[in-house]
Amino acid sequence: MITPDYIFESSWEVCNKVGGIYAVLSTRAKTLQDAMPDRLIFIGPDCWSEKSSPYFVEDRELLADWRKFAEEGGLNIKVGRWEIPGKPISVLVDFKPFFADKDRIYGLCWEDFQVDSLHGYGDYDEASMFSYAAAKVVESYYKFFKLDDKKVIYHGNEWMTGLGLLYIKKHCPKIGTVFTTHATSIGRSIAGNNKPLYDYLWAYNGDQMAEELNMQSKHSIEKQTALNVDCFTTVSEITAQECKELIGKPVDVVLPNGFENDFVPKGAAFTKKRKVARETLLRVANCLTGCEFGDDTLIIGTSGRYEFRNKGIDVFVEAMNRLNRDERLSKNVVAFVEVPAWVGDARPDLKERYESGKTFDTPLDLPVISHWLHNMDHDSVLGMMKYNDMWNRKEDKVKLIFLPCYLTGNDGLINMPYYDLIIGIDLSIYPSYYEPWGYTPLESIAFKVPCITTDLAGFGLWANSVKGAYSEIEDGVKTIHRTDYNYSEVADVIKDTVSKFSNMTEAQVKKARTNADKLSKKALWSEFIKYYWQAYDFALKGKE
């Protein structure tokens with residue numbers, strides 16, 4: 001197997017916490033950094049200008065000679081280290097100066113690779129100029145350190161890095177290029193536009209759908225990158241099928257998303273944090289609803305990006321609505337929807353109650369949400385709760401609460417980071433319709449929280465593959481069969497699973513928690529990194 005001497009990796013989420021790719025890269029970094037110290041270099045966008053990034057520490061001495069060379073070549077960069085385990089070298093590049101040259105860059109990309117940038121809008125230009133700038137950084141480093149005789153990999157994540165990968169193919173052809181699409185732009189768009197993705201996957205024409213959904217440019221750069229790189233990859237078998245049908249190119253290697261569990265507390269620290277998290281969540285529930293919740297209350301949660309249908313948030317709300325009428329449910333339930341919406345401020349009336357330290361027996365007005373939104377009348381979660389007449393009444397066994405903020409530790413109310421809250425949940429639910437992998441369920445089981453997911457999520461398929469059959473809640477993960485059309489059935493299976501879980505003995509729950517923990521350890525980067533070495537080998541073999 002050929003192993004690289006240098007790896008450059010770029011993503012919009014390097015030192016820029018936006019979504020799941022940040023988690024993939026930031027947890028994988030230490031494993032690669034340990035294998036090849038300081039020969040792994042991440043490249044991200046300089047979104048911070050004069051402000052300092054909370055994820056990046058600049059070091060003016062690091063690679064100072066090269067930085068000067070790069071700046072003389074017209075690049076405005078910051079060199080330093082990503083503030084994550086392993087502290088890999090990272091370069092933040094200012095891509096804004098390239099906007100002035102945008103039309104020429106797009107013109108060359110059309111001539112060389114038939115990439116259609118004419119229909120670009122929204123974030124297409126920003127992503128493309130970053131991608132171009134990142135490639136110029138790689139080219140500059142490669143030339144300055146004379147790496148012609150070295151085995152070098154350039155790895156780009158998502159369509160946003162496509163233009164740069166094509167630039168490297170043309171200008172530094174000895175570099176092995178790896179492209180990972182974490183979700184095809186057109187597949188996500190089909191699903192997000194309420195079209196049936198899976199039953200008709202074989203019949204969809206990606207180019208035709210891109211035109212219908214006004215996605216021509218993103219689809220074009222993604223497709224041409226996939227066709228032209230040395231190694232095309234994705235994160236799960238389900239997305240590999242999507243790539244084959246919609247992009248017209250089978251992937252070369254599947255790279256499942258692993259993680260590091262070093263952020264999970266151990267022993268007494270785990271017990272203490274779980275206790276604090278449960279008290280916090282139940283306190284919010286009491287302050288909002290005026291109901292008292294004992295320690296035997298079942299705390300349920302879902303989280304992730306606010307993609308109402310794709311992430312299955314709609315099914316979650318419906319399942320909680322049905323659960324409230326299920327006579328087999330043996331415990332009170334407090335369920336949280338933890339997805340960032342167009343959030344305003346923490347509610348002053350709730351904050352006052354929360355900080356008073358008192359217990360309350362009367363509800364606040366609108367006892368279903370913790371922070372005010374800018375679009376209260378048009379929010380999907382609140383709209384569905386209103387439609388279902390879900391108002392957290394005293395007599396309701398199931399209370400559903402919307403926490404619509406980024407749980408970073410400074411939301412103005414709870415002020416605790418996500419990981420310090422998830423540890424207190426008893427059961428998490430991620431009934432995804434479109435989910436190439438699924439980091440949230442993986443994080444959940446790492447904290448010994450059993451979860452419910454679907455076989456339309458890469459993670460759910462992986463859990464099934466480990467068991468060799470459909471995974472059940474006793475295994476730590478319940479994987480539900482989901483199709484384009486069985487929404488109601490999925491909601492019922494969730495309801496039934498929660499009812500079943502509420503009636504499990506303490507010993508049965510403990511076993512499910514232990515099995516969740518064991519399964520999470522099979523997804524550590526120490527287990528999954530081998531697939532990356534395969535991808536690097538595949539890309540470099542094409543250079544021999």
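The legends below describe close-up views of a predicted model. In this predicted model, local features need pLDDT of at least 70 and side-chain atom pairs count only at pLDDT 80 or more, while totals for chains, interfaces and linings use all residues. Residues are numbered from 1 along each chain as its sequence is written, and side-chain values use heavy atoms, with hydrogens and water left out.

**View 1. The largest nonpolar core and Trp82.** The largest nonpolar core has 83 residues, of which Trp82, Trp437, Ile445, Phe459 and Tyr536 touch the most other members. A nonpolar core is a set of buried Ala, Val, Leu, Ile, Met, Phe, Trp, Tyr and Cys residues joined through side-chain atoms within 4.5 Å; buried means under 20% relative accessible area, exposed over 50% and partly exposed in between (1.4 Å probe, protein chains only). Helix H19 (residues 525-541) gives the most to this core, with nine residues; helices (H or I, at least four residues) and strands (E, at least two) are DSSP runs, numbered from the N terminus. Residues up to four places away in sequence aside, the contacts of Trp82 (heavy atoms within 4.5 Å) include Cys15, Phe42, Tyr55 and Pro88.

**View 2. Two non-glycine residues with positive phi.** Cys15, which is not a glycine, has a positive phi of about 55°. Cys15 is placed in the loop between strand S1 (6-10) and helix H1 (20-35) and is buried, at a relative accessible area of 0%. Asn194, likewise not a glycine, has a positive phi of about 60°. Asn194 belongs to the loop between helix H6 (185-192) and helix H7 (206-212), and is exposed, with a relative accessible area of 56%.

**View 3. The contact of helices H3 and H4.** The axes of helix H3 (residues 102-113) and helix H4 (residues 124-144) come within 11 Å and cross at roughly 80°. Axes are lines fitted to C-alpha atoms, for helices over the stretch in contact, and angles run from 0 to 180 degrees between N-to-C directions. H3 is therefore roughly perpendicular to H4, a term for angles of 65 to 115 degrees. Lys102, Arg104, Ile105 and Tyr106 of H3 meet Tyr124, Asp125, Ser128, Met129 and Tyr132 of H4.

**View 4. The open parallel sheet.** Six strands in the order S14-S11-S10-S15-S16-S17 form an open sheet with parallel pairing; two strands pair if DSSP finds at least two bridges between them. Strand S14 (398-402) and strand S17 (477-480) are the edge strands, each pairing on one side only. The twist from one strand to the next averages 20°. Gly301 has Ser428 in S15 as its bridge partner.

How values were computed
Angles under 35 degrees count as roughly parallel, over 145 as roughly antiparallel, 65 to 115 as roughly perpendicular and the rest as oblique.
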